[in-house]
Amino acid sequence: MFCVKCGKDDVKTINGLCFKCFLNDREIINMPHHIDLMKCANCEEYLINNKWVKKTKNLAIEEIALETVETISHGEIVSAETHVEKQEDKTFVVHVQANVNVSGTIVTGKDNTIVRLKNTVCKRCSRQLGNYYEAIMQIRIDENNIDNGLLEEVVKKIKASVEKQAKINRLLFISNIRMVSGGADIFLSSISLGKSLTRNLSDIYGAEIKESASLVGVVDSQETYRVTFLLRFPAHRVGDIIQFKDKFCKLIAINKNGGKIINLHNFIETSIKKLELFNAKIVVKAKDIKQAMVVSSSLGELQVVHPITYVTKDIRVPQDIKVNDTVSVVDIESELLYVP
Ligand SMILES: [Zn+2]
Ligand SMILES: [Zn+2]
């Protein structure tokens with residue numbers, strides 16, 4: 001090929017020009033005169049590429065400057081060096097030197113821009129500072145469970161989950177936690193966050209859910225709702241001994257459909273529906289299960305010392321258990337039962 005400008009023959013051309021004529025008088029790289037770098041005065045994050053990110057000031061300045069670099073057509077930046085020079089308190093000159101690949105040849109271009117630091121408050125912080133909320137989770141714990149740490153456990157789970165999700169979506173946060181009698185009210189920044197937390201807790205603890213929405217007003221010609229999720233935590237917990245169909249059973253699992261129990265008379269496991277579980281009487285709370293000392297053992301039977309009367313008793317046990325020094329037992333209606 002030949003160059004249409006200088007007529008040079010037998011050369012590689014770009015748009016009909018030889019490399020030298022193509023580059024002639026053109027800027028290899030080009031930057032705007034100045035750029036504003038937004039910094040949140042509250043969380044101190046910087047807005048780069050439409051995202052709020054945590055960075056040191058210098059890195060943020062370099063990064064936003066590099067974002068604005070434009071190259072000559074057919075050019076692609078392979079590497080770039082930056083040098084930040086402080087001009088005033090909030091004004092910085094950023095010099096950029098970039099190696100640009102233009103149709104297979106590396107050329108170096110230089111330019112600079114002024115980065116001006118501006119303070120603002122990001123959307124999350126302005127919402128957080130204004131105690132913004134879209135959803136309330138009303139955690140209500142049965143009075144039998146209020147002192148056994150269930151409330152603390154649930155609140156801790158919610159906090160951990162929100163913290164994790166906030167790493168992906170920074171608009172998710174807890175705006176307030178209010179302790180009330182019988183539970184806690186948790187104010188959340190998003191309805192979908194409240195929904196997913198509620199569903200999750202209901203699955204783990206078998207909590208009953210009631211959902212209600214109220215119109216709070218019209219924002220930007222859109223109706224805005226707040227949703228309240230009422231979660232009633234059942235009286236029973238895993239480990240409790242319950243009475244179900246005249247049999248004493250240990251609750252061994254809770255799930256969204258109900259739970260699993262093991263019969264203390266024949267040690268057979270069965271499922272129990274949510275409603276049956278809610279209606280079942282708790283006979284012994286998990287924390288009140290006693291330990292009995294083992295005196296001797298034979299297949300399917302143990303001789304133990306009754307933990308209250310100290311009388312030696314024979315109790316039935318599953319045939320395949322490994323016997324330790326003590327076993328868990330409950331005394332119900334004067335009968336000592338082994339608790340698997
Ligand atoms: Zn030429
Ligand atoms: Zn912020």
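1. In which sense do strands β11 and β13 pair, and over how many bridges? Strand β11 (residues 135–141) and strand β13 (residues 183–188) pair in the antiparallel sense, over six bridges. Here, strands are DSSP runs (E, at least two residues), numbered from the N terminus. Two strands pair if DSSP finds at least two bridges between them. Met137 stands opposite Ile186 in β13.

2. This is a predicted model: local features need pLDDT of at least 70, and side-chain atom pairs count only at pLDDT 80 or more, while totals for chains, interfaces and linings use all residues. Residues are numbered from 1 along each chain as its sequence is written, and chains are lettered from A and ligands numbered from 1 in the order in which they are written.

3. Now the whole sheet. Five strands form an open sheet with mixed pairing, in the order β12-β13-β11-β15-β14. β12 (174–180) and β14 (208–219) stand at the edges with a single partner strand each, so one side of each has no neighbour in the sheet.

4. Next, a core. The largest nonpolar core has 21 residues. Such a core is a set of buried Ala, Val, Leu, Ile, Met, Phe, Trp, Tyr and Cys residues joined through C-beta atoms within 7 Å. Buried means that 20 or more other C-beta atoms lie within 10 Å of the residue's own, with C-beta atoms placed from the backbone. Val327, Val329 and Tyr338 have the most contacts inside this core. Two or more residues come from each of β16 (241–244), β17 (247–255), β22 (301–305), β24 (326–332) and β25 (335–338).

5. Apart from it lies another core, of 18 residues, including Ile139 and Phe233.

Conventions:
Buried ≥ 20, exposed ≤ 12 C-beta atoms within 10 Å, placed from the backbone. Helix = DSSP H or I, 4+ residues; strand = E, 2+ residues; numbered from the N terminus.
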